[in-house]
2 protein chains.
Amino acid sequence: MHDEDALIRRVVRAVPSQVGGGGSRYGLALGIGDDAALLRSYGGEEWVISCDAFVEGVHFLADIHPADSVGYKALVRAASDLVAMGASPRLFLLTLALPKSRSGRWLDKFLAGLRRAANYLNMRLAGGDTTAGAKVSISVAVLGQIGNNVSHGVPRSAKGRSGHCGTALTRSGGRAGDRIYVSGTLGRAQIGLELVRRMKKRVVRMTMGPLPEALKAHFYPRLRVDLGKWLARNGVASAMMDLSDGLSTDLVRLCHASGVGARLWAERIPVVSPSPEILTLLPRSFDPLKAALNGGDDYELLFTVPKRNDGRLRGAPDSPELTCIGELSNDKQILLADTDGGTKPLTAGGWDPFRK
Amino acid sequence: MHDEDALIRRVVRAVPSQVGGGGSRYGLALGIGDDAALLRSYGGEEWVISCDAFVEGVHFLADIHPADSVGYKALVRAASDLVAMGASPRLFLLTLALPKSRSGRWLDKFLAGLRRAANYLNMRLAGGDTTAGAKVSISVAVLGQIGNNVSHGVPRSAKGRSGHCGTALTRSGGRAGDRIYVSGTLGRAQIGLELVRRMKKRVVRMTMGPLPEALKAHFYPRLRVDLGKWLARNGVASAMMDLSDGLSTDLVRLCHASGVGARLWAERIPVVSPSPEILTLLPRSFDPLKAALNGGDDYELLFTVPKRNDGRLRGAPDSPELTCIGELSNDKQILLADTDGGTKPLTAGGWDPFRK
């Protein structure tokens, strides 16, 4: 089993937890097990909450990754869980542990990156905690709002008070026969990570000039905010999550939550095609399909669409960048069909912070 | 200036932030600068949100502090900010970075302590993030609810829908002439910290048997949940915060937020009186008044009461444990009057994670 998933189960068994939906005790309409938890007020307003760690030596190397990328990604990674529920990102809380050596210029640049992400996502800092620490260790808690009739917490119309605020898109609504879609091109961030791994300090020099496309996806990922909101608001998708750990790992999670299997078509997966210059910098063994299946950090959306809704996707934001890569199935297997028509089980090979 | 406060100002200047009250854009009725931020739904429901870091080597020593104390305190410290606003603690998100060496028995005990705190405070885990890390690094985001007509997010009566949900108690409502109160005895946790500092590993043996009172306050602090809610609900106090960094530091913050000065009477401050056995274990220089002024981690409540409300305090929970220690004043000075009638300026000497 994925080590992180095993640890989460251990925590949930040990600590009083709200898992999944039902009840709404404590104001929670949905607890642990999806991209984010869902708070529903009795006025019908829905808030989505989540948090994300970003730790030196695990998620980034403070001597190689630009400080402003660290600040930018710390917030964008966390906000991606809100987007994955179809929410509008709104607020964040920042926990920042910082060694003295990082409290000067490094911190200024970190904060500049954080500002850039906050402006890009239209989010505001609402609080936090700062402390000393041996390594840079960041946790960002994020809050987003569901529903398009709510603007900045104020109802646009009397209709807003009726309790109808749209509904978050969870991982668990997928049904056999639904089509599986992804946005964008997968594996782009993995190329950036490979460059960092191989070139180490030389990458720092590359970041001085105009940033190569291959590093942009790894350093400054974009989120599909409008697409996520549109899919939730219009009831087009049946299930959704973000691709943060890699398609092979994340699709298993979506299928597990929905209680279905899946069949992916390898040739349909939108893989990255690195430029010749970048190819020379990558290991010979670099395989675009593997990068697309197992590379993390893309923050694209993975969602499922009942066949009857398929045509409506033409009206979606970023519609030309959406690709159907397979179908959910009734059996519990997750299969990858290759170009010869052969199939093999897809194994979760994505990012796991506990694997070396 | 307090180094942590300076860093917070730097963050707030650099990143789009909601500071203080006003507006309620983004659904926030109150942003940075108080114990917690305040989210207000258009139905009138108020949620209080905050987060707190708890880091190995800064806030605790993983080889000396019992793992279950680390888990317990991680949540209680964070929830204290909710109590300080008069809220009922409800939900938490856990960010946990963990070295491999702590993933066995240590983690089990940590989780047992966390469970104890969650049960004690009637809180539920709603989500989180787990990752590897070189040191144990914890961040806990907490959510609490204001108002006594709301039970677990469900209105008890139609009245609950009218929008009247009580009001959070901030740091900024204190006025000249208001009396300054604290709950409990101050400096208790400081004695525990002194014991840990001096005895190091020998403290571990002390924790095998029945725990001495002096260590309990440091390892397993209690919160004044009912008192905080009562003071907020009944409109008795004008300002409130929790004593987490020490009275001298925290009173300065309350006075600054309220735009007033203060006069404290040294002889009225409820100082701790260690037992003779514990006294022999403390440094000779141990001064109960200094421990009360500058010792952190007590999590007692500091609040101010307009003179006309003074009598009503007799009906408060824990009423016998409340002590009037001074008065807010019109000038901007914060003075400590000693037993001889002499006064001197009080200097913030409490806990600062950036000071060695």
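Two strands are taken as paired if DSSP finds at least two bridges between them. In the predicted model described here, β4 (residues 88-98) and β6 (residues 137-146) of chain A run antiparallel and are joined by 9 bridges. Within this pairing, L96(A) has I138(A) of β6(A) as its bridge partner.

The two strands belong to an open sheet of 6 strands in chain A, whose order is β1-β2-β3-β6-β4-β5 and whose pairing is mixed. Across β3 (46-55), β4 and β6 of chain A lies helix α2 (residues 67-83) of chain A, which runs at about 145 degrees to β3(A).

Elements of the sheet also take part in the contact between the chains, to which chain A contributes 65 residues and chain B contributes 66 residues. On the side of chain A that touches chain B, two or more residues each come from the helices α1 (3-14) and α3 (105-121) and from the strands β3, β4, β5, β6 and β8 (154-155) of chain A. By residue class, the side of chain A that touches chain B comprises 34 nonpolar, 21 polar and 10 charged residues.

Notes. Residues numbered from 1 in each chain as written. Chains lettered and ligands numbered in written order. Predicted model: local features only at pLDDT ≥ 70, side-chain atom pairs only at ≥ 80, totals over all residues. Helix = DSSP H or I, 4+ residues; strand = E, 2+ residues; numbered from the N terminus. Contact = placed C-beta atoms within 7 Å. Axes fitted to C-alpha atoms, helices over the stretch in contact; angles between N-to-C directions. Nonpolar A, V, L, I, M, F, W, Y, C, P; charged D, E, K, R; others polar.
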